[in-house]
Amino acid sequence: MSTTEKHKKGATSIIHTEERSFIKENEKSLGFIALGIIVLVLLYFGYQKFYLAPRAEKANNEVFKAETYAQIDSLQKLAIKGDGSYPGFEQIADEYSNTPSANIANAYLGGLYLRQGQYQEAVNALENYNSTGSPILDPLVIGLLGDAYSELKDYKQAATQYKKAANLKSNDFTSPLFLKKLGLVNEAQNDYKGALDAYKKIKSDFPQSFEASMVDAYIARAEAHL
């Protein structure tokens, strides 16, 4: 076997290894693990101060117990459904619609439904969320919606949501996070040009981000398919 043939064989082997690696990684990356996002949502709402009307204030008091349950994996169903004494996020979102607390409940519900594998329910809850103007929370909720669509294998809609999340309130945390997810769902659709554009944007626009530290491998993988 010539040296050239050996190099070609070696390159082909590397690409096949990367493809297997992508499939394995794709299962984890596209199969969203919501814990980190839920923690961020908890922190965000924990430090916010709302000036509420009496009706909304009652809802805000009831949200507290559900928030507590949401932080404990084994009690997250109680966070969704309630415990008999305190309502869960489902009841709060329904009974106190058009209040900040209902908005909080919908954000939580989206993440919790994802954790429970109830992906269509996650979509329904997250689509009821109204923008707060937060540069972190709003993109996170849109990104969660992308995760829900990704789990439903609707990669086209997932890509739309990830792109929207990445471009909204551009920052070094949420933007590269969702650009990476955008790249992954583009790869899942064999849109390697779109994936490459997303990965290169991480490198050029967010060089200090965590995602940028490993993006060269993603760029190489997408380029290998063009």
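Mentor: Helices here are DSSP runs of H or I with at least four residues, strands are runs of E with at least two, and both are numbered from the N terminus. By that rule the elements of the chain, from the N terminus on, run α-α-α-α-α-α-α-α-α-α-α-α, with 12 helices and 0 strands in the chain. Please keep in mind that this is a predicted model.

Trainee: How many of the 226 residues of the chain count as buried, as a percentage?
Mentor: The share is 46% of the 226 residues, where a residue must fall under 20% relative accessible area to be called buried. As for contacts in the chain with a separation of 6 or more, 57% of them are accounted for by residues 24 or more positions apart.

Trainee: What does the side chain of Asn103 reach, and at what distance?
Mentor: It reaches the backbone nitrogen of Asn130 at 2.7 Å, and a pair of N or O atoms has to lie within 3.5 Å to be a polar contact. Once neighbours within four places in sequence are left aside, the residues in contact with Asn103 are Asn128, Tyr129, Asn130 and Thr132.

Trainee: Which word, buried, exposed or partly exposed, applies to Leu168?
Mentor: Leu168 lies in the loop between α9 (155-167) and α10 (174-188), and its relative accessibility is 27%. Not counting residues up to four places away in sequence, Leu168 touches Asp138, Pro139 and Ile142, while its C-alpha atom is separated by 9.8 Å from that of Leu140, 28 residues apart along the chain.

Trainee: Where does Asn190 lie, and what is its phi?
Mentor: Asn190 lies in the loop between α10 and α11, and its phi is near 65 degrees, a positive value in a residue other than glycine. The relative accessible area of Asn190 is 56%, and since exposed requires over 50%, Asn190 is exposed.

Trainee: How do you know whether α10 and α11 are roughly parallel or antiparallel to each other?
Mentor: The axes of α10 and helix α11 (residues 192-205) come within 7 Å and cross at roughly 165 degrees; angles over 145 degrees count as roughly antiparallel, and that is therefore the term for α10 and α11. The contact involves, among others, Pro176, Leu179 and Lys180 of α10 and Tyr192, Gly194 and Ala195 of α11. The crossing in which α10 passes α11 is left-handed.

Trainee: What makes α8 and α10 parallel or antiparallel, then?
Mentor: Helix α8 (residues 137-151) packs with α10 at an angle of about 15 degrees, their axes being 11 Å apart. The limit for roughly parallel is under 35 degrees, and α8 and α10 are therefore roughly parallel to each other. On the α8 side Pro139, Leu140, Gly143, Asp147 and Ser150 meet Thr174, Phe178, Lys181 and Val185 in α10, and the crossing of this pair is left-handed.

Trainee: At what angle do α11 and α12 pack?
Mentor: The angle between α11 and α12 is about 155 degrees, with their axes 9 Å apart. That makes α11 roughly antiparallel to α12, the cut-off being over 145 degrees. α11 passes α12 in a left-handed crossing, and the residues that meet include Tyr192, Leu196 and Tyr199 in α11 and Val215, Asp216 and Tyr218 in α12.

Trainee: Which are the buried residues of helix α12?
Mentor: In α12 (residues 215-224) the buried residues are Val215, Tyr218, Ile219, Arg221 and Ala222. Around the axis they cover an arc of only 165 degrees, which puts them on the same side of α12.

Conventions
Residues are numbered from 1 along each chain as its sequence is written. This is a predicted model: local features need pLDDT of at least 70, side-chain atom pairs count only at pLDDT 80 or more; totals for chains, interfaces and linings use all residues. Side-chain values use heavy atoms; hydrogens and water are left out. Buried means under 20% relative accessible area, exposed over 50%, partly exposed in between (1.4 Å probe, protein chains only). The arc is that of the directions from the helix axis to the C-beta atoms. A polar contact is a pair of N or O atoms within 3.5 Å; within protein, one must be able to donate a hydrogen and the other to accept it, and residues adjacent in sequence count only if both atoms are side-chain atoms. Contact means heavy atoms within 4.5 Å. Axes are lines fitted to C-alpha atoms, for helices over the stretch in contact, and angles run from 0 to 180 degrees between N-to-C directions. Angles under 35 degrees count as roughly parallel, over 145 as roughly antiparallel, 65 to 115 as roughly perpendicular and the rest as oblique. A crossing is left-handed if the near helix is turned anticlockwise from the far one by less than a right angle, and right-handed if clockwise.
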